[in-house]
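Subject: Structure handover

Hello,

Please find the structure just below, with its sequence, so that you can follow along as you read. My notes on what was found come after it.

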Amino acid sequence: MKEFFILSFLIPLIAGVILFRLDGRRADYVMLISVIIAAILNLAGVVSYYTAGMPTIHKVLFKTKSFGEVYGLIIDPMSVSVGFVVITAGLLFMLYAKDYMSPRNKEHPVYSDKGRFYAWMVLFIGATLAFIYSSSILQLLIFFEIMSLACWGVVSYYGGKKAERSAYKALIVTNFGAMVGLYTAVAIGITKLHDLSLFALSNLSGDMKLIVFIAIMIAAFTKSAQFPLYSWLPDAMVAPTPASAFLHGAAMVEMGVYLLARAIQFMQPLPIQAFYVMASLLLATLVICIFMYPLQKDAKRLLAYSTIAESGLMYVGLAFAVLGLKTGLQASMFQLFNHAYIKGLAFLTAGTFSYAIGTLEMDKIKGLIKSLPISAYSWTFALIGLAGVPPFAVFFSKLAILTNIKGALGNPLALALLVMVLIDAGVFLMVALKRIHGMAFSVCECNEKYDISDLMKLSMILLLILGIIAPLISYPFITKIGW
């Protein structure tokens, strides 16, 4: 079983290096073959794991006397479910990218050097999967840094001062988080525990747990663009749209949440002070997003602030997990799984604006229902889905977060977090309805028709289906997640 999961991240890591030397159709073939094989292997691993009864499997691959466990694997309901969403969403984003990254793209035509984009993206997928199955703090640090490097590669892809500045900003901010957070955790693992395994974190004293938790929280919050280091994510929207979809739907941002979820899972019980620090920053993050939604003119920047807030909601679940509620941990991972597909659909739809119309400025896009019907409907479904309207999957995960109300009674800060979840959903829905009306169903005097490729349409349709049925896929795994 474990071989399936190992190969599912090794193949993309190897293929990513090869793709730097390829271009054109050869790059298309190598990219598609490597990602499809990785997806098949991962799916085979998921099926094998499910039929085996979903046990927790911990495999130590490299260990020393001084550092304890240096490298290993954890295959459990959390890693298997998150790995599944990363590879399936990543595959659909890369299918879309094959035709998006072409001369037919009106805003960003691509004539050559496609292989470099594929290389960074496939490396991104491989590093993310390797991060998910890691069982030591050092492993998490290594793949955390590779993800940051891949993020720099895709954000800087189009070139120019704006892209380069945004790419370095993303690299510096996330590396700051790694240096403050994961380097601290590694140092304490070496000097205090003499073991880098996640399983050793429970042996820390109460005060030391608080230090390590806050350190890892800083690393996680920079990765997920939470307050105060959130501005790198909207700026990173200069990346090609398939990269933006992966950054927001299944990689960087969600991996910050996953990192802190792993820390909470293995460090229970945690000091109450950890909750208050975390909750204060989350409240500030959600307030900023609520005020920023109505101000956005660019479709991808609107989605970027939505991602910051949706990640904040995942952290709200984790805040209740810090208080000792297992349901908080489960709700957070449920939100991560459900959010990925509908956010991916939103970004790929925004990509059709760039590809077919040549702009992402929402005020300039009118009458999509006649000029580009599939984008009109997918934009509508994606935005109301992100707001948490049923039957879309995010409704169920937001509801799961709110069911932690018992844990909030008697704790004003915890109650404030749940109130902000509702306010955020309401404000985003109002902004979404305004944009849907103005862009999709408004009257436009122009009679121009636009079109996108069949492969792009297929990717969007599959994401829409997954954005509805995601709870059915994830629920058996989510309910097994615990300490």
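A contact here means heavy atoms within 4.5 Å. Among contacts in the protein chain between residues at least 6 apart in sequence, those that join residues at least 24 apart make up 81%.

Before you go further, please note that this is a predicted model, in which local features need pLDDT of at least 70 and side-chain atom pairs count only at pLDDT 80 or more, while totals for chains, interfaces and linings use all residues. Residues are numbered from 1 along each chain as its sequence is written, and side-chain values use heavy atoms, with hydrogens and water left out.

The protein chain holds 19 helices and two strands, where helices (H or I, at least four residues) and strands (E, at least two) are DSSP runs numbered from the N terminus. Its radius of gyration, taken over C-alpha atoms, is 21 Å, close to the 23 Å that the globule rule (2.2 Å times the number of residues to the power 0.38) gives for 483 residues, so the chain is as compact as a globular protein of that length. Of these 483 residues, 63% are buried, meaning under 20% relative accessible area with a 1.4 Å probe, protein chains only.

Strand 1 (residues 57-64) and strand 2 (residues 68-75) run antiparallel and are joined by seven bridges; two strands pair if DSSP finds at least two bridges between them. Together they form a hairpin with three residues between the strands, and Thr64 has Gly68 in strand 2 as its bridge partner.

Best wishes

Terms used. Buried < 20%, exposed > 50% of the residue type's maximum accessible area, 1.4 Å probe, protein only.
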